[in-house]
Every structure is written in structure tokens, then in C-alpha cells.
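Okay, hi everyone, I'll keep this short. Let me put the thing on the screen, and then I'll walk you through some geometry.

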Amino acid sequence: MKLSWSDPLVRAWVALMALSLVATAVAILRPQSPAWAGTAAGAVILGFAWLKARIILNRYLGLAFVSAARRAFGAGLGAFALAALVLYALGQGG
Amino acid sequence: MTEAAQTRRNPGDLPGELIMWVLIVSELAVFGAALLIFLVLRLADPQGFAESQSQLHRLSAGINTMVLVSSGFAAALAARAAETGTAGARRVVRRLLAVAILLGGVFLLLKGIEYADAARRGLGLEAHVFFTFYWLLTLFHAAHVVAGMVILAIVSIRANADAVEASAQFWHMVDLVWVILFPVIYLL
């Protein structure tokens, strides 16, 4: 079994690793104030979570080839991430 | 799932077993609803939630995320290798599934260390509503990891292509749940 950068699974795995690393770094290094900075960090963290979920669905689970299901899952997960961000921002007070 | 495998299906057909997709949607709905309730409860005590969250090991959880997505990568490669049906494929599939199971074990080991530390510091279910959700959601997820490891191990005995694909779907569902649980519980 040969793996190469042109393999979509390899690229998906590398992207998942990078997004996980950056999201963790953003959470650890984010400033405590002002409130908007925390909300911005939250937006990055949730945006990355949405991207990771899409990568798993499209590449690991094979939805890249099924456009209707891919769009439905993307919209559902996007709605979840947006709702989570709004609730988080309300808790931040900004 | 390879492009060649998808072209063998009817356009628009979901890859793998339909029942696994029902399970994936159900699990996402259950965990998603619980996480939104968690964030609603946070509105009443953002300071308490922030202080509780600061006692978790973010870096360890971040490493665990990378361990789990790597395990998913091994499972995806196993499912793809199983599709080829070549003579040597079964041995490759078994090895890849073994890697996926091993990484699942690493995930559980790191979780166990995290749980032991939280218990030692008295951060139990009743320490704060944050920890009620933390324990219930992460333990429920860990139970899925255990179930997934057992399923992958059973499937690796015969390494049949359909069974490997279905077990990999279950394993990716475990990945998927973790990537939405991890940021809300540990990072926000």
C-alpha cells in the first residue's frame, strides 16, 4: 500500500491534524479580555470544528461523491456551529 | 471510499450501510442537543463554567483528537484496502484495523489518566454542572470508543469488505462526535 500527497485520504488526515493543532493552540493562547477577542477565538474554534466534521464526512465516510447528503450534513453541522457560537458569545457578553 | 467504488453505486446513493447513516444522524442529534443545552446552562454562570473548564487538560485532549483522527485514517485505509479484494488485501486490512484499535486504546488511556486526575481533585459529577455534562458526555463517547474497538476487532477476523466498511463507518461516527464535543467542552 503506497500513500502519496495526491491521495485525498492523506490530505484529509493532514488537514484534520493541522486543524486540531491550531484549534487547541488558539484555545490555550487566546487573551482573556476584551470579550470580543474571546468570541473571535470561539468563532475560529467552532469554524475549525465544522471544517473537521465536513472532512470526516466527505473523505472518511465518502460523502464527497454524494452532493445532496453532503450539503444536508454541511448545513446541519453549520447550523449547530452557529447556534453554539451565538450561545457562547452571549455568555461572553460580546 | 474510492471514486471507483462510488461509480459502482447508483448516483446519489449513500456509501456503506443505510442503517449506519441513521445511527450517525441520531448520534449527532443527541450529542448536538446535549452540547447546546450545556451552552444554554453556561449563560447562567459563565465564570463558573470558565473556571471549571480551566481545570481540564486542553493539551491532552488536543493530542487525543489527533490520536482519534489518525485512528480514523487507519480505518478509512482499511475500508479502501478491503474494497480491492486482492489476495494480499486481507492481511493489510487486518494490520490497518489493528492500528486503528491500538490508537483507540491510546485515546482511552489518555482519557483514563484525565479521569483519574479529575477524580483525585474531587471534580466529580456534582462538583459543578459543567462537570456533570463533562462526565456524562465524555463517558458516553468513551463507551462508543470501546464498542468501536470491539467491532473493529471482530470484523478483522474475516476482514470481509462490507463488514469492514460498516465497522469503519461506526468508527468515523465516533470521530465525528468527538470533533464537535471536544471544542465545546474543552476549548470554548
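Predicted model: local features only at pLDDT ≥ 70, side-chain atom pairs only at ≥ 80, totals over all residues.

Residues are numbered from 1 along each chain as its sequence is written, with chains lettered from A and ligands numbered from 1 in the order in which they are written.

Of the 94 residues in chain A, 41% are buried. Buried here is 20 or more other C-beta atoms within 10 Å of a residue's own, exposed is 12 or fewer, and partly exposed is in between, with C-beta atoms placed from the backbone.

One loop residue to look at is A:L63, between α2 and α3 of chain A. Is A:L63 buried or exposed? It's buried, because 23 other C-beta atoms lie within 10 Å. Beyond its neighbours within four places in sequence, A:L63 is in contact with A:L57, A:N58, A:A69, A:R70 and A:F73; contact means C-beta atoms, placed from the backbone, within 7 Å. A:L63 and A:F73 sit 9.2 Å apart, C-alpha to C-alpha.

Now, where the chains meet. Chain B puts in 37 residues and chain A 32. On the chain B side, α4(B) gives the most, with 12 residues. By class, that side has 24 nonpolar, nine polar and four charged residues. For the classes, Ala, Val, Leu, Ile, Met, Phe, Trp, Tyr, Cys and Pro are nonpolar, Asp, Glu, Lys and Arg charged, and the others, Gly among them, polar.

Within chain B, look at α2 (residues 18–42) against α7 (residues 161–187): the angle is about 10 degrees and the axes are 10 Å apart. Axes are lines fitted to C-alpha atoms, for helices over the stretch in contact, and angles run from 0 to 180 degrees between N-to-C directions. The pair is therefore roughly parallel, that is, under 35 degrees; over 145 is roughly antiparallel, 65 to 115 roughly perpendicular and the rest oblique. Their contact has 16 nonpolar, two polar and one charged residues.

Which residues touch the most other members of the largest nonpolar core? Out of 81, they're B:A75, B:A78, B:A100 and B:I180. A core is a set of buried Ala, Val, Leu, Ile, Met, Phe, Trp, Tyr and Cys residues joined through C-beta atoms within 7 Å. α7(B) supplies the largest share, 16 residues. And B:I180 also turns up in the α2(B)–α7(B) contact.

Last one: B:A159, in the loop between α6 and α7 of chain B. Its phi is near 55 degrees, positive in a non-glycine residue. B:A159 is partly exposed, with 19 other C-beta atoms within 10 Å.

How values were computed
Helix = DSSP H or I, 4+ residues; strand = E, 2+ residues; numbered from the N terminus. Contact = placed C-beta atoms within 7 Å.
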